[in-house]
Amino acid sequence: MDPHARAVLKDIPAYVPGTRALPRTESSPLVHLASNENPLGPSPLALEALARASSQWARYPDDDSAELREALAARHGVPASCVAVGAGSTALLKLLAEAYLDARRKAVYAWPSFPMYPVAARLQEAREVRVPLDGGGRHDLARMAEAAKGASLVVVCNPNNPTGTYVSEAELAAFLDRVPRDALVVLDEAYAEFARATAADYPDGVRWVREGRRVAVLRSFSKVYGLAGLRVGYLVAPPEVVEAVGRVREPFQVSAPAQAAALAALEDEGHVARTLHVVAEGRRRLQQLADQLGLPSYRSVANFVWLDVGRPAEQVAAELLRRGVRVRPGPTGTTWVRVSVGTSEEINRFEAALLQVLATLP
Ligand SMILES: Cc1ncc(COP(=O)(O)O)c(C=O)c1O
């Protein structure tokens, strides 16, 4: 590391994207189950909107993303002043950290969870409290509420990446009653659409924004909407939180074609429905496969499954990759891997490769 860079960077591992070494041609046989993307790709309507908007590359985009914000506000039943659009929900998470954390402030999040939480907190040199997931791979909300005393930011990843587990409406309501009122509770709902289609008691976090609570909901166009490459996400939060984020964000984060494609994707309910159907079926198959092989896994409500392959995760992932299937290994030293739900053909390929790998590795 450059000795002249900020000392805090030593504690921030470079992000390792699941997309490294993506196939370069359509005919490449690599099956990519490492980044929880939409196996059906983007909505055709989004692609058409993207093509129509592509004449606008020479111009700066609408910095306000006004049309998209209005559509999102209408969808969630909040004023547009409660919505901010950013370059993926990750960018908005970092902006929240910049706006609410510094060396005198505390951030609380569960672990293991999305690796960008520690990165965002550390860059601000904030105090971090990581609360281990409970034995069922779920947020330990009792301990998190305890840790939230004096915290500025409390993150609940719902559903949680990598476990796919979720916090119910009643659990979250009770938690919010216990968290000090001046802490900002961030509900990372990148996978909300999958969870809502799966679990009747999965909460709509925006409900608390409408009720005037200090809750900020993060949503993504990278998952169910299949636009990971375009980098669009949004935040639904009280107007003063949106205003604070506006002060730290750099202008023109989301291109005009990305705004147009996101708007079209939002309106293509048929594509969302097809995605949810394919993911529900694929996830059922992946969990059945894990059960048949006696590999422990958590019941996921998201578009990925976290399973214990009983061998070093990185070795299993490397062996799967040699057979043309990319999955996401858990941290070094663990035996867990995260497998994104693909099409049925992709799951066939994963199953065949996994059976070979398990037979090869003792
Ligand atoms: C929990 C969680 N939040 C946020 C993101 C990032 O989404 P985006 O592409 O909108 O930045 C991911 C992506 O993997 C995620 O798993």
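I take a polar contact to be a pair of N or O atoms within 3.5 Å; within protein, one atom must be able to donate a hydrogen and the other to accept it, and residues adjacent in sequence count only if both atoms are side-chain atoms. The model is predicted, so I note that local features need pLDDT of at least 70 and side-chain atom pairs pLDDT 80 or more, while totals for chains, interfaces and linings use all residues. Residues are numbered from 1 along each chain as its sequence is written, and side-chain values use heavy atoms, with hydrogens and water left out.

**Ligand site.** I looked up the polar side-chain atoms facing oxygen atoms of the ligand: one of R231 lies 2.8 Å from such an oxygen, one of S220 lies 2.7 Å away, and for an N or O atom in the side chain of Y191 the distance is 2.6 Å. The protein covers 93% of the 400 Å² of accessible area that the ligand has on its own (Shrake-Rupley method, 1.4 Å probe). I then listed the shell, taking a residue as near if one of its heavy atoms lies within 4 Å; there are 13 residues around the ligand, of which T90, N161, Y191, S220 and S222 come nearest. By class, I find four nonpolar, six polar and three charged residues in this shell. Helix α3 (residues 88-100) gives the most to the shell, with three residues; helices (H or I, at least four residues) and strands (E, at least two) are DSSP runs, numbered from the N terminus.

**Helix packing.** I checked α12 (residues 313-322) against α13 (residues 344-360), and they pack at about 125° with axes 9 Å apart. That angle makes α12 oblique to α13, because angles under 35 degrees count as roughly parallel, over 145 as roughly antiparallel, 65 to 115 as roughly perpendicular and the rest as oblique.

**Backbone.** Most residues other than glycine have a negative phi, and most peptide bonds are trans. I noted a cis peptide bond joining W111 and P112, with omega about 0°, and P112 lies in the loop between β3 (106-111) and α4 (116-123). The bond from N161 to P162 is also cis, with omega near 20°, and P162 lies in the loop between β5 (153-157) and α6 (169-178). E125, a residue other than glycine, has a positive phi near 60°.

How values were computed. Ala, Val, Leu, Ile, Met, Phe, Trp, Tyr, Cys and Pro count as nonpolar, Asp, Glu, Lys and Arg as charged, and the others, Gly among them, as polar. Axes are lines fitted to C-alpha atoms, for helices over the stretch in contact, and angles run from 0 to 180 degrees between N-to-C directions.
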